[in-house]
Amino acid sequence: AGISSTDMQERIDAGRDARRLVGQCIRERRAKPKDDLITYITQLEVNGKPVDDELALSYCILLFFAGLDTVANAMAFCLRYLAMDQQLQQRLRDQPEKIPHAMEELLRRHAVAPVMRTIMKDETWRGFNLRAGDMALLNYPAANIDERVFQHGDMVDIDRERINHIAFGAGVHRCAGRHLARIEIVVLLEEVLKRMGTFRLDPEREVTMRGGSVLSIGSIGRATSKRA
């Protein structure tokens, strides 16, 4: 909760706590290696040199935060959309084999992870002067509704034949955990649609959303459900 808080100090404190926790894990794994990812990272070599604690911490923090809010918020946006579209809910109950494809379309429309990058060298790109040290925002959520790529990009259409979204990034920076994320979201949708009746948002409560490094839903009020 602290990482996605609207209070800057809470986010700073949460990040500091996370670094302290992960740093402790790294020290423990160096002393007593285990068969796990953190131990593997501590034993890596980069350009022939062992990874030091600072670099290992950077890797682990990236993995920690990348898997913390992203999937949870992607799930929230998927369920929010389904709560507003009871017909799609029922269609997916009747045709559960379409859930994986629907999941991709929901991810396209509701990508949650814009990415910040640091410009490494002076460059001119499409008329823009980029300078080393500047920060750049790769707005994947906006790219995923680009009308030049997706007709009616702001609409969810699970019958799109080709959903070449970049919710997980692209190229060498494509999310390493995307396969697990997909499995988790599909399982969630399968189980919710199997176990719950028709559900919708409570019209008396406001949906609140937040921006930042991960787009998130602060509150969707209380969902109401009834068996079809």
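Trainee: Which residues make the nonpolar surface patch of about 240 Å²?

Mentor: Leu 21, Phe 64 and Leu 68 make that patch. Keep in mind that this is a predicted model.

Trainee: Where is Phe 64?

Mentor: Phe 64 sits in helix 3, which covers residues 53-66.

Trainee: Is Phe 64 buried, exposed or partly exposed?

Mentor: Partly exposed. Its relative accessible area is 32%.

Trainee: Which lining residues are closest to its centre?

Mentor: The largest pocket has 50 lining residues. Closest to its centre are Leu 62, Phe 65, Ala 66, Thr 70 and Ala 113.

Trainee: Which elements give two or more residues to that lining?

Mentor: Helix 1 (8-31), helix 3, helix 4 (70-84), strand 3 (115-118) and helix 8 do.

Trainee: And which one gives the most?

Mentor: Helix 3, with 7 residues. Phe 64 of the surface patch is in helix 3 too.

Trainee: How does the lining of the largest pocket split by class?

Mentor: It has 28 nonpolar, 15 polar and 7 charged residues.

Trainee: What about the second largest pocket? How much space lies in it?

Mentor: About 280 Å³.

Trainee: Which residues line the second largest pocket?

Mentor: Arg 117, Ile 119, Trp 125, Leu 130, Ala 136, Leu 138 and Arg 148. By class, that lining has 5 nonpolar and 2 charged residues, with no polar ones.

Trainee: Where is Asn 47 found?

Mentor: In the loop between strand 1 (45-46) and strand 2 (49-50).

Trainee: Buried or exposed?

Mentor: Asn 47 is exposed, because its relative accessible area is 78% and the cut-off is over 50%.

Trainee: What phi does His 152 have?

Mentor: Near 50°. That is another positive value in a residue other than glycine.

Trainee: Which loop holds His 152?

Mentor: The loop between helix 7 (140-143) and helix 8 (178-195).

Trainee: Why does His 152 count as partly exposed?

Mentor: Because its relative accessibility is 45%. Partly exposed lies between the 20% limit for buried and the 50% limit for exposed.

Note on methods
Residues numbered from 1 in each chain as written. Predicted model: local features only at pLDDT ≥ 70, side-chain atom pairs only at ≥ 80, totals over all residues. Heavy atoms only, no water. Helix = DSSP H or I, 4+ residues; strand = E, 2+ residues; numbered from the N terminus. Buried < 20%, exposed > 50% of the residue type's maximum accessible area, 1.4 Å probe, protein only. Patch = residues over 30% accessible without salt bridge, like charges linked within 9 Å, V, L, I, M, F, W, Y side chains within 5 Å. Areas by Shrake-Rupley, 256 points an atom, 1.4 Å probe, with all protein chains shown as cover. Salt bridge = Lys/Arg side-chain N within 4 Å of Asp/Glu carboxyl O. 1 Å grid on protein atoms, 1.4 Å probe; cavity = no way out; pocket = protein on both sides within 12 Å on 5 of 7 lines; lining within 4 Å. Nonpolar A, V, L, I, M, F, W, Y, C, P; charged D, E, K, R; others polar. Points joined across faces, edges and corners; volume = space filled by probe spheres on them.
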